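Dear colleague,

Please find the structure below, handed over for your records. My findings follow it.

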Amino acid sequence: MFGLMVRFTCKDDASATAFDTLVGETIEAIRQHEPGTIVYASHRVDGQPLQRIFYELYRDRDAFDAHEQTEHTRHFLAARDELLASVEVDWVELQSGKGTTP
């Protein structure tokens, strides 16, 4: 498995609202068109109204690379920049877990 966690900080409340809309549209396309994407979850951060955390888990690196090439992901990557103050990415390697097969 191949995964990452991403912390997004939106510029302001209006940007956070627009970002959430963009994320909802993107996740729906991921559900419909990406069988190699096992988990793609967006979380709000308690006490940090402008922050969002994504947890992404893919079958393997090839599934992640395929995800990056989809039209909906390319649209998300292009559209998000005007809404964000910062992006932090942590690449993760699954050690063990419930509902996962390393």
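The lining of the largest pocket draws at least two residues from each of strand S1 (2-10), S3, helix H2 (61-69), helix H3 (71-80) and S4. Helices (H or I, at least four residues) and strands (E, at least two) are DSSP runs, numbered from the N terminus. H3 gives the largest share of this lining, 4 residues.

The model is a predicted one, in which local features need pLDDT of at least 70 and side-chain atom pairs count only at pLDDT 80 or more, while totals for chains, interfaces and linings use all residues. Residues are numbered from 1 along each chain as its sequence is written, and side-chain values use heavy atoms, with hydrogens and water left out.

The largest pocket has a volume of about 190 Å³. Of its 16 lining residues, Leu4, Glu56, Glu68, Leu77 and Arg80 are the closest to its centre. A pocket here is an open set of points on a 1 Å grid over the protein atoms alone, where a 1.4 Å probe fits, with protein on both sides within 12 Å along at least five of seven lines; lining residues have an atom within 4 Å of a point. The volume is the space filled by probe spheres set on the points, which are joined across faces, edges and corners. By class, the lining holds 11 nonpolar, 2 polar and 3 charged residues (nonpolar: Ala, Val, Leu, Ile, Met, Phe, Trp, Tyr, Cys and Pro; charged: Asp, Glu, Lys and Arg; polar: the others, Gly among them).

The structure holds 6 salt bridges (a side-chain nitrogen of Lys or Arg within 4 Å of a carboxyl oxygen of Asp or Glu). Asp20, Arg44 and Arg52 are linked in a network of these. Between arginine 44 and aspartate 20 the closest N and O atoms are 3.1 Å apart; this pair joins strand S2 (residues 37-45) to helix H1 (residues 13-33), across 24 residues. Between aspartate 20 and arginine 52 the corresponding distance is 2.8 Å, and that pair joins H1 to strand S3 (residues 48-58), across 32 residues.

Arginine 80 is buried at 17%, whereas aspartate 81 is partly exposed at 49%.

Yours sincerely

Notes:
Buried means under 20% relative accessible area, exposed over 50%, partly exposed in between (1.4 Å probe, protein chains only).
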